[in-house]
Amino acid sequence: MKRPVTVLLTALAPVSWGTTYAVTTEFLPPDRPLFTALLRALPAGLLLLALTRVLPRGAWWAKAAALGALNIGAFFPLLFVSAYRLPGGMAAVVGSVGPLFVVSLSAPLLGQRPTARTLATGVVAAFGVSLVVLKGAGALDAVGVLAALASTASMAAGTVLTKRWGRPDGVGPLALTGWQLTAGGLLIAPVAVLVEGAPPALDGRAAGGYLYLALANTAVAYWLWFSGIGRLGATQVGFLGPLSPLTAAVVGWAALGQALTPVQAAGMALALGATLAGQLGAGGRPSFSSAEKTTRKDSMDLTDSALRR
């Protein structure tokens, strides 16, 4: 598969995730972030396990559990805490610091030295986020902001480790996605029961919202995301993150009537512009260590084989 097509398909994942905030606030029961995270992760994971019928082996039990904890088990609850406590566009734009986290972790874990342009765009993106958060401190919830930052850091670590570990021989991205969603969902389940108690009653609107989150927003989106990680550099994938806050901001403005102060709007534009510039700057082939080249080649071969099937 050609690189532009891979980038476009991978980009569909953060575009889909950008709708999470609107769906959460408009369709789902209020104040149930853990239950929402559970219903988003576990049904999708079990569905993919049933479709692929492939389980981890050996060391991959521990690796799948670790990736599931970072990409799903910690990320989802923190994401929904921020979604319940912050306006959608603001909650998502905090995720613009994700590329900076990815760049920082890629150096020690992948042996990829960040370029000056990559660092600069990451710093500018973080500055833009600070304008959005700090200038609106009186109107923003501190717990929501911290949850958004923590969810971004967790996802960044999961993205880099997914790139570092690749996939086992003969295992495609669909199976890897199922492992992580199931592991993350099982991690969330007991915490959700202890903290939030029995599940709430669901009407048709909420059921439809959860169905969308589990299938399109999670099963399909994460399959595209993990497929992209196997074929692209971790930094390049990380710089696709601005598509999520951009989508959330557009949905919030067009459908929910949300507004930003001029300073916050400028900060959002600065953060999104910087991270998009970083994606364009990462468009060439990234440098890899010898181990990373082997992992990348194996991942590409496996993905091509899965697509041919």
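How many residues does helix 9 have, and how far does helix 9 reach from its first C-alpha to its last? Helix 9 spans residues 173-196, has 24 residues and reaches 33 Å. That is close to the 34 Å expected at 1.5 Å a residue, where the expected span is 1.5 Å times one less than the number of residues. Gly 197 follows helix 9 and has a positive phi, near 75°.

The model is predicted: local features need pLDDT of at least 70, side-chain atom pairs count only at pLDDT 80 or more, and totals for chains, interfaces and linings use all residues. Residues are numbered from 1 along each chain as its sequence is written, and side-chain values use heavy atoms, with hydrogens and water left out.

The protein comprises 14 helices and zero strands (DSSP runs of H or I, at least four residues, and of E, at least two, numbered from the N terminus). Of its 309 residues, 53% are buried (under 20% relative accessible area, 1.4 Å probe, protein chains only). Among contacts (heavy atoms within 4.5 Å) with a separation of 6 or more, 91% join residues 24 or more positions apart.

Arg 40 lies in helix 3, residues 33-52. Arg 40 is buried but has no salt bridge (a side-chain nitrogen of Lys or Arg within 4 Å of a carboxyl oxygen of Asp or Glu). The nearest side chain of opposite charge is Glu 196, 14 Å away; Lys and Arg count as positive, Asp and Glu as negative, and His and the chain ends are not counted. Not counting residues up to four places away in sequence, Arg 40 touches residues including Trp 17, Phe 76, Phe 80 and Tyr 222.

Technical notes
Buried < 20%, exposed > 50% of the residue type's maximum accessible area, 1.4 Å probe, protein only.
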